[in-house]
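Subject: Handover of a structure and notes on its contents

Dear colleague,

Please find the structure for your review below. My notes on it come after the coordinates.

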Amino acid sequence: MFHTVQYITKKEIFSVYLKIITVMLLFVGFTMPAFAQSTNEFDYKIHPEKILENTVGTIQVFVSSNQIMIPQQISELKAVSSDTDVIKILEIKENNSKFSNEIMIKAEKSGIATIALAAPGIPSKEIAIEVFNNNNLPTQLMIKATPEEFPIDGPKTGYIAVQFATTGGLPTAVQEDKVIKIETPNTDVIKILNPEITVENGNYYGYTKFEIIGYGDAIIFAESDNMRKVSQIVKVLEPEETLEVKLTIIPDKFNSYTGTKGFAIVQLVDSGGIPVQAEEDIVLKLEVDNPDVGVNTSSDLEEVTFASDRVTIKKGEYSAYTTFTPRPNLADVSNLSEQTFQMFVSVENYLASGTSFTVAHDEIAALEGAGPAITQTLPFLTTGKNEIIGVTYFETEIEVSRKIENTDERQTMLVTVPVTAKDNYELGISSSDTNVLNPDNVVMEKGNNAVLLTGKTGTITTSSDLEIYITDNDGVKTVSPQPNGPSEDSIDLKIEPLLPMIMVDSEFPLLSYLEESSSDENEEVVTTESEEDEGVNFRQGPTLFVEDGILTFSANDIIDIEPINVKKNQEYSLTFETIEEIGSTTIEAQLGKITGNAELTSHTTDPTTIYLGFVDNMVTNDKHLATIQLLDSVGNPVYTNKDVIINLVSNNENVLDLPEIITIKEGEYFKTVEIETFSEGKAEIAILSQDLPLSKYEINTVEINPTVNFDFLGNVNWNERVEGKLTMTIPEIDTTLNGFDVSWEVSGGEILSEDKVTNELGIATINIVPNQGETLSVTGKISTGPFGDALASKQVAIQNIPVVETSESEATPLETNSQNTLNLGFELDTFTLLLIIIPVVIGGSLFFLKKTDRMELITERLPIGEKIEEIKERISDIRDR
């Protein structure tokens, strides 16, 4: 009698041990950093994106990678608010079909709160949410100074304006008269001309002026009843180093017998010698030091006679002068032919520099004549006023006989001596550019030797060298004066509102003025060390109007500004205008050759724009939330006071679909809609509504294409367990791929075990015993939600189908192949050797895991016990055969 015997082959036992080794090696590798995958992360969208207090909203929470939502369920989502007085969490909803969760929130009051998110397997995240206020009543003040920075030569006044605003920062009118108090602690820098201003019912701002009285920074405060105090800093640029009072003597050569006079001129200048207008009256005293007092007959001898030894540089000016005459009898108290005297300045709070003059004691008679005329110039500012530009005096050289010091001998030499006018002489003086300087014709009166030279200055300088021409008895002489002031190509026209924000359909003050800046980008600007970091030139900034003219403005659709007359040396031009529509506009202005422009923006507390909030990179074949809401002119959410009908138009219906018309009802401020996506691409959404500007948004849709592969791990032999691996990859995203549902279809074998979901590598495995028919066919399908189902199949022929016929007496369940032996002095076949080696490998692996503290981690993260039990069962099955 014959029957079939099912053998327990060495290959089957070897396969079992090999499985053990493979599992152990995988466990070791699992703990290595080289196999780490990027983790999932929370992403979110708030509906509405800008939420108002006392309203309910939704936080849509999902998992994303590369800014793309991925179809992964979030289980056991937890959320807490850092400030329940601002945001309270009402409910957490799970929506598995969309792979997103919805957190219902209540915005209690304006402020900022943080929502913390946490869920198993996903790193926690904090999101900050701002809650807005929609109170249209005045709750705060806003302040603005114009200009904010002043140079030392610029205007001496400025404006400070204060307006009322809502909590959201929009201008709003008061419902009753309001008093605003304005003050500054820096009273040495500026003076507030009107410390209290009243804003009348129905208006929204007030303003006053301040006066510049010093240098430095000044802070201005404004406050009104029950409102927070606000402030603004005004900078008055300081000169380089300490200012100096500089003395100049013209002429500086005299004779003690002629009785001629000289001019002592003092100027307030900076370290570069350029005049600076005084911020206060500067009183100073002139004194002369006798170089050889020991030879004087009287210790209180006055070397010169001043017209006045005390002079004052008045506030707003920079020059002052007096005249003096050396004493006629100086020669009687000195045995020298010539003496040099030092004249110096006594003044408080300023540096001072003196100078010297020479008195000769040659016994000569006074010289009279009509010249020659000599002119010495002084630096001056182009203020548009009459300024001292120098001194013209008569002087000549003559031969005199002087005694040689310490001898009785004499020598003839040339000396310079003053000449007095024989008659009244009018000196013809002209300028090469009368727009910069127009000198006055002066008369040298009979008996005088010097006359002050003045002229009407312009308000700008030119790039060309300025010259003045003086006609005397020798002819025409050319002298170079020293003007200092802005050049025409360095001046800009500035136009700006006094207010921080303009209310539509309400009058507002508009200020125009000139500003000096560097005319050459490569020009070297002289600054102090403290100014180098800021790049500030203390002479550049607002300046006076340089000419009489008409300030004109370009035509504009939403604001109409009439021409304005301005005068030379006028500080500002102030006008009151109205913007009739919501929005921004640019106005162009011109004054002579000088041009400028300004951008003006009007605001309102009514809705002015429509905003669409949506998820970036929407995945195709899914439905997504989007929120349409109304915003005011500064982007804050605002309720509508009437029904607002909104049309939504997509330019690509093949990509997505959304509602064509929605209505935001009166008293509401947003509407949430659903967008359904079809294919990958871009779609522009145009949003239109009556009385509101067109809004356009581009939505990007992304198609994700999972790829799935299946393969057997080893040969497919009859009645031998074989493992199959199903692998999914998604090239578009970089994240873990665990949690996707897996289903199997098997033909030609018995399923021993199967994975129902993918692991974090996107892998699912199945173990099969091929024991039915001649072929084994496996199909694995992974469900990826909106990405659809992805599957892979494989069919292979079963090898080594064991059909063996033999008698009962000859059947032996286990036979060894005598040929598989090792010659070690005794018989040891390969199979027996493997039975020795494999346990050693397993033991070594376990020892390594224990020593490196990975055993506990592995047992937590992978089902080792289950795998070992599975192997034990497999061995038992084999033995039972």
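This is a predicted model: local features need pLDDT of at least 70, side-chain atom pairs count only at pLDDT 80 or more; totals for chains, interfaces and linings use all residues.

Residues are numbered from 1 along each chain as its sequence is written, and side-chain values use heavy atoms, with hydrogens and water left out.

Confidence is expressed as pLDDT, the predictor's own score for each residue, from 0 to 100. The chain has an average pLDDT of 83, and 81% of the residues reach at least 70. Over residues 1–8 the pLDDT stays under 50, and the model gives this stretch 22 contacts beyond four places in sequence; a contact means heavy atoms within 4.5 Å. Residues 294–300 also have a pLDDT below 50, with 7 contacts beyond near neighbours in sequence.

Strands are DSSP runs (E, at least two residues), numbered from the N terminus, and two strands pair if DSSP finds at least two bridges between them. Buried means under 20% relative accessible area, exposed over 50%, and partly exposed in between, with a 1.4 Å probe and protein chains only.

Strand β22 (residues 262–269) has 8 of its 8 residues buried. One of its faces holds Gly-262, Ala-264, Val-266 and Leu-268, and the other holds Phe-263, Ile-265, Gln-267 and Val-269. β22 pairs with β20 (residues 244–250) in the antiparallel sense over 7 bridges, with Lys-246 opposite Gln-267. Antiparallel to β22 there is also β26 (residues 319–326), joined by 6 bridges; here Phe-263 faces Thr-323.

Asn-255 belongs to strand β21 (residues 253–255) and is buried, at a relative accessible area of 2%. A polar atom of the Asn-255 side chain lies 2.8 Å from the backbone nitrogen of Tyr-257. Not counting residues up to four places away in sequence, Asn-255 touches Val-359, Ala-360, Asp-362, Ile-364 and Pro-418.

Finally, four strands form an open sheet in the order β37-β35-β39-β40, with antiparallel pairing. Its edge strands, β37 (442–444) and β40 (475–479), each pair on one side only. Strand β35 (residues 425–431) is joined to β37 by 3 bridges, and the bridge partner of Tyr-425 in β37 is Met-444.

Yours sincerely

Note on methods:
A polar contact is a pair of N or O atoms within 3.5 Å; within protein, one must be able to donate a hydrogen and the other to accept it, and residues adjacent in sequence count only if both atoms are side-chain atoms.
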